[in-house]
Amino acid sequence: MLSMLEDALKVKSRALIILLVAAVLCASNVVSKPHGLYPQSQTPAKALVERLGYPPDTRLLIVHADDLAMAHSINAATTKAFETGLVNSGSIMVPCPWLLEIAAYARANPNADLGLHLTLTSEWKLYRWGPVLSRDRVSSLFDNGGYLYPTESEAAAHINPKEAEAEIRAQIERAKSFGIQPTHLDSHMGTLYQTKELFEVLIRVGRDNKLPMRIAREQFATHPYLKDLVGPNDVVIDNVISIEPSVTPEGWSNYYVDAIKKLSPGVSEMIVHLAYDNEEMKNIAFEHPNWGSEWRQRDFQFVTSDTFRDALRANNIRLITWRELGKLVR
């Protein structure tokens, strides 16, 4: 009887040892792999359009006006375009001279879809601006004349990413101090997409502020580091429509109508640059026809036209805003 009891205890001891070894091996296996390598779910991730609650074949479009606060002409044309309902989003350049005007509009229209066009460049010949922060805090952002660099490539080559981050955080805080509650973030002239280090700044600041950022899936081909840094909870739109200098004035409307017809299912953004072709805008953009005064008047005329409205209707394009995309982040 005593022998049988000893044998049973030995069996239980061996079983206990096996269980302990298995537990240690399991824990070791989990610790040895960095967090995030395991798939969160065996179910394939939903496309953005489905995350928004639409069928996968739906074509959604944000019609987005850049460069608010840069000039009165831009503010006036853009807010006029908002009244049509065809332009439903815009972004504000905080360091620029006409910030107070568009801030007053934002306060009076709290449901307007207004983001921030984070600004690290100043491109016009005689109409320039500098950072929000002083030179002693962000010295690498200043060119020899005391302004922001005129091109995105020059800026990316000179600026310190830590100082760029300090500046764009300051731009967000300045916007909020004037009553602007941004719905999204993007980058003037694409400066924050130029290097991996600068894009990391945009990602970090966007996530900290729980704001979606303009990131398009089509950018992954030209900027491979974007895909590596984007996480599963970040909003990535599918396509961007942006007219180029190769389009002639006569072909302006046809370019946009054709782009609408060819729009793929998913979430796309049409980026336009609006202003009146008046003396103010001509004096700002002289010797700069690309994205200049006449360019912006042509964009304004198209996006406020019946031709645009009819093209959206005929192709079953549904307009949405960054505010709606922001709900996925928050």
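1. In helix α3, His72, Asn75, Thr79 and Phe82 meet Glu101, Ile102 and Tyr105 of helix α4, contact being defined as heavy atoms within 4.5 Å. By class, this contact of α3 with α4 comprises three nonpolar, three polar and one charged residue; Ala, Val, Leu, Ile, Met, Phe, Trp, Tyr, Cys and Pro count as nonpolar, Asp, Glu, Lys and Arg as charged, and the others, Gly among them, as polar. Helices here are DSSP runs (H or I, at least four residues), numbered from the N terminus.

2. The model is predicted: local features require pLDDT of at least 70 and side-chain atom pairs pLDDT 80 or more, whereas totals for chains, interfaces and linings use all residues. Residues are numbered from 1 along each chain as its sequence is written, and side-chain values use heavy atoms, with hydrogens and water left out.

3. The axes of α3 (residues 72-84) and α4 (residues 99-108) lie 9 Å apart, at an angle of about 20°. Axes are lines fitted to C-alpha atoms, for helices over the stretch in contact, and angles run from 0 to 180 degrees between N-to-C directions. The two helices, α3 and α4, are therefore roughly parallel (under 35 degrees; over 145 is roughly antiparallel, 65 to 115 roughly perpendicular, the rest oblique).

4. For α6 (residues 161-177) and α7 (residues 196-208), the axes come within 10 Å and cross at roughly 35°. Pro161, Ala164, Glu165, Ile168, Arg169 and Ile172 of α6 meet Glu197, Leu198, Val201, Arg204, Val205 and Asp208 of α7. The contact of α6 with α7 has seven nonpolar, no polar and five charged residues.

5. The structure holds nine aromatic pairs. Rings of Phe, Tyr and Trp (its six-membered ring) pair if their centres lie within 6.5 Å; planes under 30 degrees apart are stacked, over 60 edge-to-face, and the rest tilted. Tyr127 and Trp129 are edge-to-face, at 5.9 Å centre to centre and 85° between the planes. The ring centres of Phe302 and Phe308 are 5.0 Å apart with planes at 45°, so this pair is tilted. Tyr255, Tyr256, Phe302 and Phe308 form one aromatic cluster.

6. Trp129 is buried at 3% relative accessibility, and Phe302 and Phe308 are both buried. By contrast, Arg330 is exposed, at 52% relative accessible area. Buried means under 20% relative accessible area, exposed over 50%, and partly exposed in between (1.4 Å probe, protein chains only).

7. Arg330 lies in the segment after α13 (322-329). Beyond its neighbours within four places in sequence, Arg330 contacts Lys210, Leu211, Pro212 and Arg323. The C-alpha atoms of Arg330 and Pro212 are separated by 9.1 Å, although 118 residues apart along the chain.
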